[in-house]
Amino acid sequence: MRPTPTGEHVVVETPAGAVRGFWRDGSAAFLGIPFAEPPYGERRFQAPVPRAPWSGVRDALTYASTPQRKALAEITTIPEPSIPGDDILTLNVFTPRPSDHGDPLPVLVYIHGGGYVAGSPASPWYDGAAFNRDGVVTVTVSYRLGFDGFGWLPGAPANRGVLDWVLALEWVRDTIGRFGGDPRRVTIAGQSAGGGAVMTLFTLPRARGLFSGAVSISGVPTDVPPAIAQRTTEQLAERLGIKPDREGFAGVPETDLIAAQGGGMNPPAGEPGADDLIAIMRDMYGRLRHGPVVDGELHPWTVEEGLRAGAGRDVPLLVGATRQEFGGLAHANRRLFADRELAELLDRMGVEPAVASRFAEALPGHDPADVLGQYVTDRVFRRRIVEWLDLRRDATNTWAYDFAWRSSVSGVAEHCLDVPFLFDLLEDPDVTRVAGPDAPQTLADRVHSAYVRFVRDGDPGWPPYAQGDSVMVFDTEPTVVTGGYTSARTLV
């Protein structure tokens with residue numbers, strides 16, 4: 001569902017000025033609306049500044065420049081285009097009723113993933129048309145990435161990317177009513193790093209009251225300690241040959257800074273061996289270089305500490321992950337592990353013997369490759385979900401899901417596979433590339449409707465986790481199971 005102008009425009013007056021969007025298939029799209037001034041020049045490495053009002057009507061017909069200058073890899077699961085330019089702090093609004101007349105509609109604010117260093121709000125997979133069809137206004141937001149957004153820098157505010165999220169939510173609070181949305185019924189959602197962003201915001205005192213519900217999809221919060229963030233800055237400054245302060249970094253061109261930060265993880269050249277793959281999988285559960293820093297001020301605690309203190313206790317929360325997440329690499333190379341002893345492989349992964357024994361016992365009948373892949377998945381994603389659910393065990397407004405449907409392309413329920421199901425856009429050509437031609441529309445209907453119901457009513461339609469550790473398993477035949485995430489619990 002790519003936004004395609006039909007030639008019929010629609011204008012909405014906002015507090016900052018008028019914007020011109022376009023109609024398509026019964027809903028309207030407003031693309032690239034700025035919520036902050038471009039964070040360059042004197043504003044680089046500073047807190048975001050609300051956008052100054054403009055005169056006349058501003059076109060919102062095409063996606064704006066993106067903070068992402070390059071994707072994590074040449075081929076990514078989610079198509080996330082990079083668009084050059086400096087005016088990067090923008091958002092996109094998709095609405096079935098672009099006016100402030102009539103009963104206001106619930107709002108979904110979506111934060112993209114990408115390891116806090118990549119990702120794009122201009123992805124066709126984040127189009128809000130299906131949510132509009134079901135009476136939900138949808139907003140997708142951009143934020144500063146990598147060192148510009150999250151680097152620890154003396155003389156500059158910490159967590160600039162987090163401040164971008166907060167300012168975007170304040171824009172929604174103050175403006176979404178002009179687009180038919182209800183600022184009192186705003187659900188934040190995000191996937192991967194976006195899911196981590198949701199959990200950070202969920203426990204962030206400054207974000208209190210800016211949303212009424214939250215969905216963390218395969219969430220990966222970083223909660224970087226200040227000492228580690230400072231060490232990363234020093235190492236990066238040494239690599240660039242500059243002083244580790246704002247003045248030093250301000251003189252570094254953005255392209256040079258991105259190059260110095262490095263990219264994602266690449267497999268070794270040639271045919272990889274079992275040891276190569278084990279090394280890559282061990283790297284997968286290392287700490288991300290950049291992300292929200294526990295600075296003691298804006299971000300005063302880790303997500304777990306915030307939940308333990310009761311942050312967000314009254315806010316409905318939906319959390320979950322795909323079944324295999326990072327298991328695709330091991331599954332695709334299962335022949336390399338077929339004759340290896342599982343205990344020896346888990347030892348090579350750095351797993352303590354007692355933990356390895358418990359983990360293996362929780363996965364009877366699985367071959368070594370799939371156990372390795374599941375360990376990485378549980379270590380990075382699913383054990384966190386278990387911790388969050390345990391910390392909210394006495395709350396009746398917490399729900400959990402497990403996306404288990406396997407792609408016919410990869411053979412696993414991998415990272416990002418659930419995104420086109422929740423946005424209900426299986427017909428997108430890139431979805432076939434990732435999911436195969438047999439992705440069931442009936443499952444997309446079920447997943448998407450659960451999200452619509454959660455945004456609208458604060459309840460996705462199955463028992464809360466408090467009732468027997470209930471988990472909705474999204475598969476060809478969705479079903480509710482009890483007992484929670486069994487293998488992940490062995491790591492908690």
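This report describes selected residues and helices of a predicted model.

## Basis of the model

Residues are numbered from 1 along each chain as its sequence is written. In this predicted model, local features need pLDDT of at least 70 and side-chain atom pairs count only at pLDDT 80 or more, whereas totals for chains, interfaces and linings use all residues; side-chain values use heavy atoms, with hydrogens and water left out.

Val215 lies in strand 9 (residues 213–217); helices (H or I, at least four residues) and strands (E, at least two) are DSSP runs, numbered from the N terminus. Val215 counts as buried because its relative accessibility is 1%, where buried means under 20% relative accessible area, exposed over 50%, and partly exposed in between (1.4 Å probe, protein chains only). Apart from residues up to four places away in sequence, Val215 touches Thr187, Ile188, Ala189, Gly190, Val198, Leu318, Tyr451 and Phe454, a contact being heavy atoms within 4.5 Å. The C-alpha atoms of Val215 and Val455 are 9.1 Å apart, although 240 residues separate the two in sequence.

Helix 16 (residues 441–457) has 17 residues and reaches 23 Å from its first C-alpha to its last, close to the 24 Å expected; the expected span is 1.5 Å times one less than the number of residues. Its buried residues include Tyr451, Phe454 and Val455. Just after helix 16, Gly458 takes a positive phi of about 75 degrees.

## Ala321 in strand 10

Ala321 belongs to strand 10 (residues 317–322) and counts as buried because its relative accessibility is 0%. Beyond its neighbours within four places in sequence, Ala321 is in contact with Ser218, Arg382, Ile385, Tyr401, Asp402, Phe403 and Tyr485. Between Ala321 and Arg287, 34 residues apart along the chain, the C-alpha separation is 19 Å.

## Helix 3

The end C-alpha atoms of helix 3 (residues 160–175) are 22 Å apart, in agreement with the 22 Å that its 16 residues should span at 1.5 Å a residue. Of these 16 residues, 14 are buried, so helix 3 is largely enclosed by the rest of the structure.

## His331 in helix 10

His331 is placed in helix 10 (residues 328–332) and, at 16% relative accessibility, counts as buried. Its side chain makes a polar contact of 3.1 Å with that of Asp370. A polar contact is a pair of N or O atoms within 3.5 Å; within protein, one must be able to donate a hydrogen and the other to accept it, and residues adjacent in sequence count only if both atoms are side-chain atoms. Not counting residues up to four places away in sequence, His331 touches Asp370, Arg406, Ser410, Gly411 and Val412.
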